[in-house]
Amino acid sequence: MASLAGPTNPFPRPFNRRTQTHNGPRADPQPSNGPTHWNTLTVTERKFDPSKAKEIEARERKEETNRKIASQKAISIILRREATKAVIEKKKGNSKKLLPRTVLEALHERITALRWESALKIFELLREQLWYRPNKGIYIKLIVMLGKCKQPEKAHILFQAMIDEGCFVDHEAYTALMSAYSRSGFFDKAFSILEQMKEIRNCQPDVYTYSILIKSCVQYNQFGKVQSLLSDMEIQGIKPNTITYNTLLDAYGKAKKFSDMESLLVEMLRRGCQPDVWTMNSTLRAFGGSGQIEMMEKCYEKFQMAGIEPSIKTFNILLDSYGKNGNYEKMSAVMQYMQRYHFSWTLVTYNIVIDAFGRAGDIKQMELLFRLMQSERVKPNCVTLCSLVRAYGSAGKAEKIGAVLRFIENSDVMLDTVFFNCLADAYGMMGCFSEMKGVIEMMRRRGCEPDKITYRTMIKAYTLSGMSGRAKELHKELASL
């Protein structure tokens, strides 16, 4: 592993979390014990009436709220109709006078949630407002969203509409369009846009453009294309930055290309590109995830010596690596360190430690952590519940699984097919076949459909118990999927 120069202290420096965040009320910049002399004069001269001012303010606030509610209702009415255009024609007077803030907030909400169909409908409403002016930023956000939703053709239509409306198209817009194609694996089109950018003035690709394209390539295991992009960057005189290297390090780690990781880290240091906490996390995840605990620890020490402070994600990686390797002593040491230096546990942290102790058969410690999680108001999710069910199934505690199901009934946790497959497997291990059979009905009540893993899990349980007749019936149902 490449040598990282820095301080000799291998442990993180203690820090005061209160200096990093301030959750309490902020101090008033001016004392409120009484008005200053000039404020007194102003109030006296204007004969200020506080009760009347409050009344006016309350009335204005109420009017603003009513306008906002009316505008939101108008959006909801229009979006609920299939023929949106027809509705707009019928309600011309209302649909073109929606409040700007309401429409933009609704659009932002759907873009963030990647609800692309609804976002495009709201954008059409936006374009028909009397106050609408073309905005390059909104177009780029929509194009990026469509890229994430694997809708490159629709992204191209918006890109053309952006040009038609007279928006200034720069390298950021072209990068968004290129990203939309590369995210869907259309690399010929993405590389074509890259070449097109080189020919257009003020649209030259930068390190951000190349980094996005490199990320898409590694996601599709197109490592050959990555090398050509790195060579092209060198020809263009563009130096890879820390984000570029971190993307590659993470990809090489997931692909178990450890020699390439080490070479890349050496190159990164040689070019004077300083590693950061993301570099450290990618490296630790790669070695820890493959069971190379000693190498992971050596890397951790070297990054620490380089002055890179660990984050909560760093400790989650260490906990996960130690837990899966069965090294519970070191796992407990990390937990104690986090407590000593006031690192707040996240949902991911709880899920990791609950799963680790559950797999180890330490039901008491697992339950203690689950109760602690609830007392800290960290909301469990499907991953948490899967860990509990798996542990109880392995321990043969059917009544505990019943308690988990009762907990679910009284919560708003969204269940998925993975959870029900885990539940079927747990019942199968314990020989609770009537309960296992009821899992499919339970799934359908929750809006989940059984998949091939569901049926294969049940078939395995029936086969191991010698219930070949029931296994054959499920084989037929599996074949019809």
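1. At 12% relative accessibility, Phe-370 counts as buried (buried means under 20% relative accessible area, exposed over 50%, partly exposed in between, with a 1.4 Å probe and protein chains only). Phe-407, with a relative accessible area of 24%, is partly exposed.

2. The model is predicted: local features need pLDDT of at least 70, side-chain atom pairs count only at pLDDT 80 or more, and totals for chains, interfaces and linings use all residues. Residues are numbered from 1 along each chain as its sequence is written, and side-chain values use heavy atoms, with hydrogens and water left out.

3. Rings of Phe, Tyr and Trp (its six-membered ring) pair if their centres lie within 6.5 Å; planes under 30 degrees apart count as stacked, over 60 as edge-to-face and the rest as tilted. This rule gives 14 aromatic pairs. In one of them, Tyr-181 and Phe-186 are edge-to-face because their planes stand at 70°, with the ring centres 6.5 Å apart. Tyr-181 is buried at 4% relative accessibility, whereas Phe-186 is partly exposed with a relative accessible area of 43%.

4. Phe-370 and Phe-407 also form an edge-to-face pair, at 5.6 Å centre to centre and 75° between the planes. Phe-370 lies in helix 20 (residues 363-375) and Phe-407 in helix 22 (residues 398-409), so their pairing ties together parts 37 residues apart in sequence. Helices here are DSSP runs (H or I, at least four residues), numbered from the N terminus.

5. One aromatic cluster is formed by Phe-315, Tyr-337, Tyr-341 and Phe-343.

6. The charged end of Lys-189 sits over the ring of Tyr-181, 5.7 Å from its centre. The charged end of Lys-257 sits over the ring of Phe-223, 5.1 Å from its centre.

7. The largest pocket holds about 770 Å³ of space. A pocket is an open set of points on a 1 Å grid over the protein atoms alone, where a 1.4 Å probe fits, with protein on both sides within 12 Å along at least five of seven lines; lining residues have an atom within 4 Å of a point. Of the 29 residues lining the largest pocket, Ser-211, Ile-212, Lys-215, Ile-243 and Thr-247 are the closest to its centre. Helix 11 contributes the most to this lining, with seven residues.

Conventions. Helices (H or I, at least four residues) and strands (E, at least two) are DSSP runs, numbered from the N terminus. A charge sits over a ring if NZ of Lys or CZ of Arg is within 6 Å of the ring centre and within 35 degrees of the ring normal. Grid points are joined across faces, edges and corners, and a volume is the space filled by probe spheres set on the points.
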